[in-house]
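Try each task before you read its solution.

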Amino acid sequence: NLDYGNNILGMIHILTTSDSQDFQVDDDRPLRAGRHWHVDATATPLTLENDPSFIISNNPIEFNGHPLNTNPYLIYSRTSNNAATQYSWSYAANDGIQLNIKNNSVPKAGKYKGTITYTLVDGLN
């Protein structure tokens, strides 16, 4: 869960999380040394909780300025080694996943929800 709080939005408003965004991948493959992997992210539109016909336009969920949608977008990549099985990384509260709400993109006041899906891919970027 990423909590962006309750905000009254002006012309353009970029919302960041209050905490860092922490990730961890456990790689326990027996032949992991030298194997490449990466994490992709996709996002669904933000829809009004009680009436999903209301959608915030312009793909407001972003990763470092790149809008997330149904097309996978690379957010992290790594090559495993023999010694490590856990790989952790984080993004500061003002980096990583953000909401970029533009003027007139929210059709109705209320609580909006969307889903970010992270996919671990065994392979090159």
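Read along the sequence, this predicted model goes β-β-β-β-β-β-β-β-β-β-β-β.

**Exercise 1.** Work out how many helices and strands the protein has, and what share of its contacts join residues at least 24 apart in sequence.

*Solution.* Start with the count: there are zero helices and twelve strands. Next, take contacts between residues at least 6 apart in sequence; 81% of these join residues at least 24 apart.

**Exercise 2.** Find the order of the three strands in the open sheet, and say why one side of β8 and of β12 lacks a neighbour.

*Solution.* Trace the sheet first: its order is β8-β3-β12, with antiparallel pairing. Now look at the edges. β8 and β12 (116–122) each have a single partner strand, so one side of each has no neighbour in the sheet. On average, neighbouring strands here are turned by 20 degrees against each other, direction ignored. Then zoom in on β3 and β8: six bridges join this antiparallel pair, and Ala41 sits opposite Tyr73 in β8.

**Exercise 3.** Which residues of the largest nonpolar core touch the most other members, and which strand gives the most to this core?

*Solution.* Begin with the core itself: among its 22 residues, Ile75 and Trp89 touch the most other members. Strands supplying at least two residues each include β2 (21–26), β3 (36–43) and β8 (73–79). β3 gives the most, with four residues. Finally, list the partners of Ile75: leaving out residues up to four places away in sequence, Ile75 touches Phe23, Val39, Ala41, Phe63, Tyr91 and Tyr118.

**Exercise 4.** What percentage of the protein's residues count as buried?

*Solution.* Taking buried as under 20% relative accessible area, you get 30% of the 125 residues. As for the accessible surface, about 7,800 Å² in total, 49% belongs to carbon and sulfur atoms.

How values were computed. Residues numbered from 1 in each chain as written. Predicted model: local features only at pLDDT ≥ 70, side-chain atom pairs only at ≥ 80, totals over all residues. Heavy atoms only, no water. Core = buried A, V, L, I, M, F, W, Y, C linked by side-chain atoms within 4.5 Å. Buried < 20%, exposed > 50% of the residue type's maximum accessible area, 1.4 Å probe, protein only. Contact = heavy atoms within 4.5 Å. Pairing = 2+ DSSP bridges. Axes fitted to C-alpha atoms, helices over the stretch in contact; angles between N-to-C directions. Areas by Shrake-Rupley, 256 points an atom, 1.4 Å probe, with all protein chains shown as cover.
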